[in-house]
Amino acid sequence: MEHHSLSEFNLLVKQTLSNHLAPSYWIVAEIGEMTVVQKGHCYMDLVEKEGNFIKAKQRATIWSYAFSGIQSQFQQIAGVPLKKGMEVLINASLDYHEVYGISLNIRDIDPSFTLGERERRKQETILQLEREGIIDLNKSLILPQVPQRIAIISSETAAGYGDFVNQINQNSYGYQVSLRLFQATMQGDQAVKSIIDSLHRIYELEDEIDLVVIIRGGGAQTDLDCFDSYDLCAHLAQFPLPVVTGIGHERDHTVADLVANVNLKTPTAVAEFIISGLMQFESDVLELFQKIGEIARGKVQQELQLIIESKHRIALKTQHILQKSSFELDRIVQLLNQKPKDIIRSKSQELNALAKLLQAHDPKEVLKKGYSITRINGQSINDQTKARAGDQLETITYDQVLTSTVTETKKTS
């Protein structure tokens with residue numbers, strides 16, 4: 001069996017790798033660790049992860065003569081310097097050193113891949129939120145028209161937070177709004193956890209908060225990666241209070257903006273949105289008061305018209321009743337005046353008739369017509385009193401009293 005020294009074996013490995021590998025490869029990896037030493041060399045640990053599990057790991061170096069150019073170009077295109085946790089596409093060759101072992105010599109880094117990778121992760125987050133049916137939950141909440149108690153998630157030292165607070169507190173309309181800051185880290189590896197922790201603290205005070213505002217000023221696009229995180233966006237989408245975002249500048253649109261109830265471009269725009277809502281509410285209230293006043297005036301005018309019409313009708317009715325009563329009273333008076341006369345006239349006529357009747361039956365009147373009354377012993381002759389021969393008769397005529405003696409009686413036929 002042939003024996004090799006370690007150096008001989010390492011040299012054999014180096015020659016074998018050199019003979020069988022291409023001069024360079026394009027490799028996708030995540031920067032697990034990154035250190036730039038004083039001499040300008042950049043040392044990295046590149047990793048490939050599967051969840052939290054590191055599937056592969058490799059040391060890599062960007063020598064100082066290449067690092068400044070690669071870093072400058074990357075930052076110019078990607079808008080952010082190379083840093084730990086970034087997914088990158090590197091062009092590298094395999095270096096094998098007999099003492100230090102294997103490492104990658106990075107010759108170039110494609111910044112467009114990193115930007116594309118951000119977009120891919122962003123789309124994955126959106127698709128997952130859509131699959132779970134939660135992407136529009138926060139949008140379905142009713143936005144309060146007059147939010148009086150606003151929870152702000154931001155960094156107290158951020159310029160965007162200062163702009164927002166100044167815009168609200170110095171509004172020229174004098175609106176008063178209660179602002180409460182929930183301090184959070186707004187970029188970097190700790191941002192997602194920090195913002196979610198703030199959401200949890202706000203949730204515990206849910207009854208004391210009307211609206212949640214997440215604001216952050218502008219910066220590199222990669223500084224906003226935390227706002228494309230599924231964990232953060234899932235919390236925002238399902239949060240029970242309406243969320244308004246003002247993240248970055250006009251060119252930036254994150255998944256957090258997509259799931260928020262309202263998304264605006266900047267913290268200042270969020271402040272203007274809130275103030276405009278207060279203005280609209282005040283305008284609506286004033287318009288409502290004006291309408292109420294118009295309706296009340298119209299109602300009063302209508303009632304006054306009804307009162308005038310009722311007064312007129314009552315006056316007419318009263319006049320009609322008085323006239324009718326007056327007529328009736330006149331009729332009664334006239335009737336009372338006339339009735340005794342009629343009664344007297346009627347009774348007079350009756351008396352006259354009776355007088356005439358009495359007169360007609362007055363014996364003198366009968367006697368005057370040629371009739372006479374014959375009596376026997378002071379009694380009139382009738383079917384009870386019979387005259388007999390020899391009786392002394394007394395005959396009364398109109399103007400004489402005759403005395404005679406009955407000589408003979410005969411029955412009338």
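**Cores, salt bridges and strand pairing in a predicted model**

Asp210 is buried, at a relative accessible area of 18% (buried means under 20% relative accessible area, exposed over 50%, and partly exposed in between, with a 1.4 Å probe and protein chains only). The structure is a predicted model, in which local features need pLDDT of at least 70 and side-chain atom pairs count only at pLDDT 80 or more, while totals for chains, interfaces and linings use all residues. Residues are numbered from 1 along each chain as its sequence is written, and side-chain values use heavy atoms, with hydrogens and water left out.

The side chain of Asp210 meets that of Arg149 in a salt bridge, at 2.8 Å from N to O (a salt bridge is a side-chain nitrogen of Lys or Arg within 4 Å of a carboxyl oxygen of Asp or Glu). Arg149 belongs to strand S6 and Asp210 to the loop between H5 and S8, so the pair ties together parts that are 61 residues apart in sequence. Helices (H or I, at least four residues) and strands (E, at least two) are DSSP runs numbered from the N terminus. Arg149 has 33% relative accessibility and counts as partly exposed.

The count of salt bridges comes to 12. Another of them joins Asp197 to Lys193, with the closest N and O atoms 3.0 Å apart. Both residues lie in helix H5, 4 residues apart, about one turn of the helix. Asp197 is partly exposed, with a relative accessible area of 30%, whereas Lys193 is exposed, at 52%. In helix H8 (residues 267-360), Asp342 and Arg345 are 3 residues apart, a separation of about one helical turn. Their side chains meet in a salt bridge of 2.3 Å, N to O. Asp342 is partly exposed, with a relative accessible area of 26%, and Arg345 is partly exposed, with 43%.

The largest nonpolar core has 34 residues, and those with the most contacts inside it are Ile153, Ile202, Val212, Ile214 and Phe227. Such a core is a set of buried Ala, Val, Leu, Ile, Met, Phe, Trp, Tyr and Cys residues joined through side-chain atoms within 4.5 Å. At least two residues of this core come from each of helix H3 (111-131), strand S6 (149-154), helix H5 (191-204), strand S8 (211-216), helix H6 (230-238), strand S9 (243-247) and helix H7 (255-259). H5 gives the most to this core, with 6 residues. Beyond its neighbours within four places in sequence, Phe227 is in contact (heavy atoms within 4.5 Å) with Met186, Ile195, Ile214, Arg216, Leu232, Cys233, Ile247, Thr254, Val255 and Ala256. Another core, of 21 residues, lies apart from the largest one and has Met44, Leu46, Phe74 and Val88 among its members.

Strands S1 (residues 25-36) and S2 (residues 42-50) pair in the antiparallel sense over 6 bridges, where pairing requires that DSSP finds at least two bridges between two strands. The two strands S1 and S2 form a hairpin with 5 residues between them, and Gly40 in the turn has a positive phi of about 95 degrees. Thr35 has Tyr43 in S2 as its bridge partner. Tyr43 in turn is partnered by Thr61 in S3. S2 and strand S3 (residues 53-62) pair in the antiparallel sense over 9 bridges.

Lys364 is found in helix H9 (residues 363-368) and is exposed, with a relative accessible area of 60%. A distance of 140 Å separates the C-alpha atoms of Lys364 and Phe164, which are 200 residues apart along the chain.
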